[in-house]
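This report looks at one helix and at the covalent and charged side-chain contacts of a single model. The sequence and the structure are shown first, and the description follows.

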Amino acid sequence: MKYAMSMVATLTASLMLGGCGSSSTTPAATPVTPAITATRTIIMVWDGLRPDSVNATDTPNLYGLRQSGANFTDNHSTYPTFTMMNGSSFATGSFPKTSGFYGNTFWTPPQGTGNTIPSGNSAGGTPQDYVDPVFTEDYQVLNTLNNYYSGQLLLVKSLFATAQAGGLVTATIGKSGAAYIQDLGQGGYFLDENTVSPRSLVTELQTAGYALPTNTVRGYSGTDAVTLSATNGNPTARAGYVTFNTTAFDPNGVQAIASRDPSDATQGAPEDAANKYMMSVFTSYILPTKKPMLSLIWFRTPDNVEHGYGPGTANAKAGLRSQDARLGELISALRSNGMDSTTNIIVVSDHGHSSVSGPLNLYPLRTINASTTLPNGPLVNGSTSGTNNASIGGVAASGGYSFSGDVRSADLLTYRGFNAYDGTKCAVSPMYGLNAAGTPTLAVQVDTTGSLCGAANTKYQAISASLAKPVAAFAVPAPGSLPANGIVVAANGGSDYFYVPGHDATTVKNLVKFLQQREEYGAIFVDSRYGSIPGTLTMAQVNLENANRQNNGQPDVVVSFNWDSTVSIQGMPGIEFESFSAGQHGMHGSFGINDVHNTLIASGPSFSNTTVAGPSGNVDVAPTVAYLLGLSMPQADGRILNEALVTPASKSAPSVVVSTVAPASPATGLRFELPTDPTGATADSSLTGSYNINLGVKDLTVDGKTYRYFDYAKAIRQ
């Protein structure tokens, strides 16, 4: 059946800024009086699962779940569409404006006396750098940051804390960082790729003969120290991507760099065995012995293989089959334990996924000369690893693979006179772009003396190396040494964060103009403190401003990289530029349609067999699950998804208004610069110089409250 919903089309093509006040943004949910008996619920996150990847061939178990349960056909990831950003939305039912969290990678400006910064180790036991922007997919990093923020890394109470306060047993397993942020207080049972907690569970698992993640020993000391058995091995090890060496980015054809091989079909999902191990611990021990009422299972599949090889590739499809097998194991375990008829399963993805590529008229897809050898590395938990002898071929008449799309913001800004840093030293990527003639956008060079990179014979690609004072490495200066009006870039993939610690309005305006003129960048959002800047929207309009974090983790400017949902690679629509990341073929994080629109499927005794065509979002998952557990989350930005429930909290039918939000005025008089020329010397003669943004929104109103969902944000250059 189709849940009744009225859809109202707006009469105007866009809403100006004045029409997008706080009354239209997502309000806090009203506390509910639960009318149901608490029902065991398992949330299973398929990292990076696109809705159009669900089919009877690659994902038969999920396909069957969708056929028998509730399918939300218009679900929305939280922007920026990163894993940890959406991890916090699953945890709290909130946007950054409420939770105060800005993962995946963000920068904590030095604070207080002596410019103090966080200090601590990584999950691997080595000191973690916090001078540069930090990647948060690490439980020890999250612990350090949570301590730094006085236990308030998340500013609101989480779903797991709510369940534990209600006396319910909880369990979380899976991907490092993403699983951990669900239960920062560690009040439940936990297993990820690096550790196990509480300490009593470590003992129980070892006594029962289970192996442990090898880094478990790093988290315990003294009387709690953990010793691994001689047969423990490394159950969560995963192979690196299969690569080949290419000289295509050296005009002289000499210097080779490693490229991931998107045509490889030997590896499958390199984390398959790790996921199978973690699911086995859950289904054969935690589920039957601890009987958690709330569980979250988050694996890095298919996202990991999509990153390495791109959506639609052979290994990406193998990742779908791997993840679907884990779902099958979960369903079988519920049946064998007599829990299947009394347990809800919610399958959701944190975001969609896109192929990395610049426009095909500038960077045509290319063939790959297939390898005649298997990768030369050892098997890692059953997956191939190492290098093969594939090579980049000519322009593809059909099909083909991308070798373009990487953008290094700190390099481009430095070349244009800004003091910009991204925390990364000299590096190379085979995704900087080859034009039709095979000429690289950025050639590979070698620092023979080490004067640029700190070590002799280091390879690099940097347009700023051609300056009178050459620069090829962009580490953030030590606290207190950042130049006046310096800019710190947290490179995140499909979007970048820009921090301007001095909060100089002129620097911000110049930064915005630069971003508007470079065609690699898309929609731009600026902290409201800088006032109205033509062609931009405020960060508040997309739920990114938080008063507690304004000078302590919140960026000053957020930009989505440009995207195009009409272009397909390997049969999957959607391409985007990405921040420099050493050669990813798949990415997310942008405000593009294929990143924002993600998967949400729910089945079990609490859910109807229905298709929900109206908008829903990742922020709605936590308040809905809380309701199913007989609890409430009044602080959440999301709502209860009553449309799909057998016993809804409200039977009111929502109405939806679809509209477009645009800046009060466009930016004009600009000179647009082609991605093929990082110097900016080559202008796009087809455009006259106007830049604007279209932000597609859906406002859902129910029971007197309005919830806003974002469909996309697109830069319009004319």
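In this predicted model, helix α2, which spans residues 83-92, is mostly covered, with 10 of its 10 residues buried. The buried set consists of Thr83, Met84, Met85, Asn86, Gly87, Ser88, Ser89, Phe90, Ala91 and Thr92. Just after α2, glycine 93 adopts a positive phi of about 70°.

The structure holds 1 disulfide, and this bond joins cysteine 426 to cysteine 453 with an S to S distance of 2.0 Å. Cysteine 426 sits in the loop between β19 (420-421) and β20 (445-447), whereas cysteine 453 sits in the loop between β20 and β21 (458-460), so the pair ties together parts that are 27 residues apart in sequence. Because the torsion about the S-S bond of cysteine 426 and cysteine 453 is about -90°, the disulfide is left-handed. Cysteine 426 is buried at a relative accessible area of 15%, and cysteine 453 is likewise buried, at 13%.

Turning to charged contacts, the structure holds 20 salt bridges, and three of them are listed here.

| Salt bridge | N to O distance |
|---|---|
| Arginine 416 and glutamate 673 | 2.8 Å |
| Lysine 698 and aspartate 711 | 2.5 Å |
| Aspartate 699 and arginine 708 | 2.7 Å |

In the salt bridge between arginine 416 and glutamate 673, arginine 416 belongs to the loop between α10 (409-415) and β19, and glutamate 673 to the loop between β35 (655-661) and β36 (691-702), so the contact ties together parts that are 257 residues apart in sequence. Arginine 416 is partly exposed, with a relative accessible area of 32%, while glutamate 673 counts as buried because its relative accessibility is 2%, which falls under the 20% limit for that class.

The salt bridge between lysine 698 and aspartate 711 links distant parts of the chain, with lysine 698 in strand β36 and aspartate 711 in strand β37 (residues 705-717), 13 residues apart. Lysine 698 is buried, with a relative accessible area of 12%, and aspartate 711 also counts as buried, at 9% relative accessibility.

For the salt bridge formed by the side chains of aspartate 699 and arginine 708, both residues are buried. Salt bridges that share partners also join Arg416, Arg518, Glu520, Arg671 and Glu673 into one network.

Terms used: Residues are numbered from 1 along each chain as its sequence is written. This is a predicted model: local features need pLDDT of at least 70, side-chain atom pairs count only at pLDDT 80 or more; totals for chains, interfaces and linings use all residues. Side-chain values use heavy atoms; hydrogens and water are left out. Buried means under 20% relative accessible area, exposed over 50%, partly exposed in between (1.4 Å probe, protein chains only). Helices (H or I, at least four residues) and strands (E, at least two) are DSSP runs, numbered from the N terminus. A disulfide is a pair of cysteine sulfur atoms within 2.5 Å. A salt bridge is a side-chain nitrogen of Lys or Arg within 4 Å of a carboxyl oxygen of Asp or Glu.
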